[in-house]
Amino acid sequence: MKNMRKIKVLLILLILPVLNGRAFTEKELVADGQEKNRTQERSGVPSTGDVDVASLEIDASRLGAPIQSTMYGVFFEDINFGADGGLYAELIKNRSFEFPQPLVGWVSFGQVEVKTDRPCFDRNPHYVSITNDGRLLRAGLDNEGFRGIGLKEGREYCFSAYVRSRDDKPMTLSVELVNRGGENPLKKDIKIRGNEWQKITARLTSPFTDTHSRLRIVLKNRGTVDMDHISLFPADTWKGRENGLRKDLAQALYDLNPGVFRFPGGCIVEGNSLATRYQWKNTVGPVENRPSNENRWNYTFKHKAFPDYFQSYGLGFFEYFLLSEDLGAEPLPILSCGLSCQYESNEVVLLDSLQPYIDDALDLIEFANGPVTSVWGKIRADMGHPEPFHLKFIGIGNEQWGSVYPERLEMFVKAIRARYPDVKIVGSSGPSADGEHFDYLWPEMKRIGVDLVDEHYYMEPEWFFANAHRYDNYDRKGPKVFAGEYASHDHTTKKDNNFLTALSEAAFMTGLERNADVVHMATYAPLFAHVDAWQWNPDLIWYDNLQMVRTPNYYVQQLYGMNAGTHILPVTLKGKTEGVLYASAVWDDKTKEIILKVVNRSETSQSLSFAVDGLKKRVLSGGTHIYLASDDLKAKNVLGEPERIVPHVRPLNMDGNHLQLEIAPQSFNVYRIR
């Protein structure tokens, strides 16, 4: 399926230059926007000679190291309303009334109480009791959603709730959709009978489009009704699943063609405390009975009178594994190593008390891979997936540092190796790209024998340009590298997702690709951000309650993901190219193409003589040129202008095995050559 996706996209690009829903004219393809940028002291490939005309040579006589299928992927963390309010399609906030202040997200009117006697769900015991005593006009609740509820005119939405009539007499609820002006043109009556908990459902077709709507529930006749787990989903979710994902955001992930999907974070794995760490076992089983958890990023919304950012766990490990399967990506779960977030807390699980944490890791592998006759394999099967998920990787710890981390990691490694020797283990080099923690942890990762080491770097664009050579001299025999969190931060624009940051990442990634024998995985971070509810930027994809924007950084990731190839090709860049041109080349054994990636960060176009040696009797027969450029370094895609910077495509004509390329100023170029 993954190969067919690549071939399908390439055919579309060859036939009609269409990306992001827009077709580009031939005039636009030839006269594309061009960028301005500064020069930099270092090139991304070995450069020899000092001639006036730059040249690039590819040796096709021998293939280099294989490129891992996991080379380019997706990092997911529930930050910036990334899960609840984002990828997870649920539209109701605090649907089970389990926040510390149980009516956060709700506005009650009339007589409404929160109760816990005779609950519907034992791990979510709170519910509301609504009473209409006949003296007040009405009683009920409004839900604000996640900074509003996004509704589209003519679209269907699935309402559900668990209810009972306290007085065991017929009752009527009015379920209403209310726009930001307070108008509620849609009202649907639902009858309730019986004093035992029961699930009610209704289909609602929105009569309006509004990003900041509300859901209203009104008890119409005298009596009392109890309600729990009040839910509203768009009917059209990703893959049409119940408890599903927001379709446009999931599609954007699919379009990246990722090879690995890392979840659930990030710092939320650690938690502000050990009590609030991410515990995967709470995220599986019936969704109504998954206990909520305080989000690590809860208190970073300073403007809120009371924190309202919690994890419903409706998007849990089962759903993450399903999404990995849908994306064609290897799942990479990250688990707590027994340390809370070291930026926030000094909580440490004593070594003689660490076994439950180790058991969580072993049980997770059984949940993913075990037979249906195993304890956790049966739980997976009961959730609807009897086939194993074929988990191959697991990460222990996130950004830990100091001796407390390898002491604990070593215990995990021994236990996992003993029971699951084929599962590859990811360790960490700490929170920085260099320095004391980094220098201490890398030797420790080698000593312990992890398979990959997770490196993180959030740095200025100049750092990314300068570090395109970062992995040229890494140990070829040690653990492989997982560039697990990285993003270029332009502090001059308050860290916008602008073209400068995307260009610097594209240059840096030529170094990842040239060193694919060392770098086996790379994922940009963070992934998602809600425009009305974010704590961290830059982010790959921005959205409101109805629309989304793919950033220039997104398109860089997509162009690498769609053009990863299967083997490195040796490439040599000659001429005055230091700090100007960055390049890498790969062979794609599936499509029988050479794929060349070139970044020009200078202010002027660059003439580049391109030649392929070692073809013997074979000849090059043309191909495709895909490029990303802008006439404004600070340009970015926003909700009102989402296609300001998008890839363009044009045919590439060959003259034998040589080609004279004109590389546009400050541009990222991908050449697929048949």
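Buried here means under 20% relative accessible area, exposed over 50%, and partly exposed in between (1.4 Å probe, protein chains only). The model is predicted: local features need pLDDT of at least 70, side-chain atom pairs count only at pLDDT 80 or more, and totals for chains, interfaces and linings use all residues. Residues are numbered from 1 along each chain as its sequence is written, and side-chain values use heavy atoms, with hydrogens and water left out.

**View 1. Cys267 and Cys341.** Cys267 is buried, at 10% relative accessibility. Cys267 forms no disulfide (a pair of cysteine sulfur atoms within 2.5 Å). Its nearest cysteine sulfur belongs to Cys341, 4.7 Å away.

**View 2. Cys337.** Cys337 is buried as well, at 1% relative accessibility. The closest cysteine sulfur, in Cys341, lies 11 Å off, so it is too far for a bond. The whole structure holds 0 disulfides.

**View 3. Domain 2 against domain 3.** An automatic or database domain assignment gives domain 2 as 73-89 + 246-562 and domain 3 as 106-234. Glu288, Asn289 and Leu546 supply 40% of what domain 2 buries against domain 3.

**View 4. Asp308 and Arg147.** Their side chains meet in a salt bridge at 3.0 Å, N to O. The term requires a side-chain nitrogen of Lys or Arg within 4 Å of a carboxyl oxygen of Asp or Glu. Between domain 2 and domain 3 the count is 1 salt bridge.

Methods. Buried area is the accessible area (1.4 Å probe) that two parts lose on being put together, summed over both.
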